[in-house]
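Look at the structure first, then read the points below.

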Amino acid sequence: MSITLPELPYLKNALAPYISSETLDFHHGKHHSTYVTNLNKLIAGTELENATLEEIIKKTVNDASKSGVFNNAAQIWNHTFYWQSMKAEGGGMPRGAIAEKIDADFGSYDNFVEQLKNAGLTQFGSGWAWLVLNNNKLEIMKTANADTPIAHGLQALLTVDVWEHAYYLDYQNGRGTYLDAFFNNLINWDFVNANLA
Ligand SMILES: [Fe+2]
């Protein structure tokens, strides 16, 4: 069994103009794809060869000698989760159970946006900003490089990739403008609600 690259859950031009098809060409077709190729090379013939992605992540997170395996596996998981975190004509105010939970745990949608945006802006260098569930409470989290909440026993609900490769072609160094587009036009609240359920 080898790990495969999942298809994007929408057409390459579906998120334009907020994320261009050119960005998705590189980001899914080159970056995400390369993590899959690298991981399969690293686990071939090892005890991890038949493990699931989640198992590989959890078994290698605390093993410095397996950092290459962990980084590639976690990046595959993170990117697959990120594609699903967005949709065409997404973003704006949440609906359903997540809307009530955001009000309960953050006080307001605006406060949630401020905290998640701040996590994305202050992640120095490459990484991710997350909405996670910790002991049934919503929390904002940021992770460096490939690190991922599932390696730490937390349930991910939503993520935004703040590696430069996620936004540089469309926004150059404008990480904040990219994050604004994520909130206003891209978040897939149906996916967040499904994760919460
Ligand atoms: Fe990425």
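This is a predicted model: local features need pLDDT of at least 70, side-chain atom pairs count only at pLDDT 80 or more; totals for chains, interfaces and linings use all residues.

A residue counts as buried when its relative accessible area is under 20%. By that rule, Trp189, Phe191, Val192, Asn193, Asn195 and Leu196 are buried in helix H8.

**Helix H8**

- Where H8 starts, the backbone nitrogen of aspartate 190 has a side-chain oxygen of asparagine 188 within 3.1 Å.

- Helix H7 spans residues 175-186, and its buried residues are Arg175, Gly176, Tyr178, Leu179, Ala181, Phe182, Phe183 and Leu186.
- Among the elements covering these buried residues of H7 are H3, H5, E3 and helix H6 (168-171).
- The axes of H5 and H7 come within 10 Å and cross at roughly 145°, and the crossing is right-handed.
- On the H5 side, the contact is made by Tyr109, Phe112, Val113, Leu116, Lys117, Gly120 and Leu121, while H7 contributes Arg175, Gly176, Leu179, Asp180 and Phe183.
- Sorted by class, the contact of H5 with H7 has 7 nonpolar, 2 polar and 3 charged residues.

**Helices H2 and H3**

- Helix H2 (residues 53-60) and helix H3 (residues 67-84) have axes that come within 9 Å and cross at roughly 140°.
- H2 and H3 are therefore oblique to each other, since an angle has to be over 145 degrees to count as roughly antiparallel.
- The crossing of H2 past H3 is left-handed.
- From H2, the residues Leu53, Glu54, Ile56, Ile57 and Thr60 meet Val69, Phe70, Ala73, Ala74, Ile76 and Trp77 of H3.
- The residues in the contact of H2 with H3 comprise 9 nonpolar, 1 polar and 1 charged.

**Threonine 143 in strand E2**

- Threonine 143 belongs to strand E2, which runs over residues 137-144.
- Is threonine 143 buried or exposed? Threonine 143 has a relative accessible area of 3%, so it is buried.
- The side chain of threonine 143 makes a polar contact of 2.9 Å with the side chain of tryptophan 130.
- Apart from neighbours within four places in sequence, threonine 143 is in contact with Gln123, Ser126, Gly127, Trp128, Trp130 and Thr148.

How values were computed: Residues are numbered from 1 along each chain as its sequence is written. Side-chain values use heavy atoms; hydrogens and water are left out. Axes are lines fitted to C-alpha atoms, for helices over the stretch in contact, and angles run from 0 to 180 degrees between N-to-C directions. Helices (H or I, at least four residues) and strands (E, at least two) are DSSP runs, numbered from the N terminus. Angles under 35 degrees count as roughly parallel, over 145 as roughly antiparallel, 65 to 115 as roughly perpendicular and the rest as oblique. A crossing is left-handed if the near helix is turned anticlockwise from the far one by less than a right angle, and right-handed if clockwise. Contact means heavy atoms within 4.5 Å. Ala, Val, Leu, Ile, Met, Phe, Trp, Tyr, Cys and Pro count as nonpolar, Asp, Glu, Lys and Arg as charged, and the others, Gly among them, as polar. Buried means under 20% relative accessible area, exposed over 50%, partly exposed in between (1.4 Å probe, protein chains only). A polar contact is a pair of N or O atoms within 3.5 Å; within protein, one must be able to donate a hydrogen and the other to accept it, and residues adjacent in sequence count only if both atoms are side-chain atoms.
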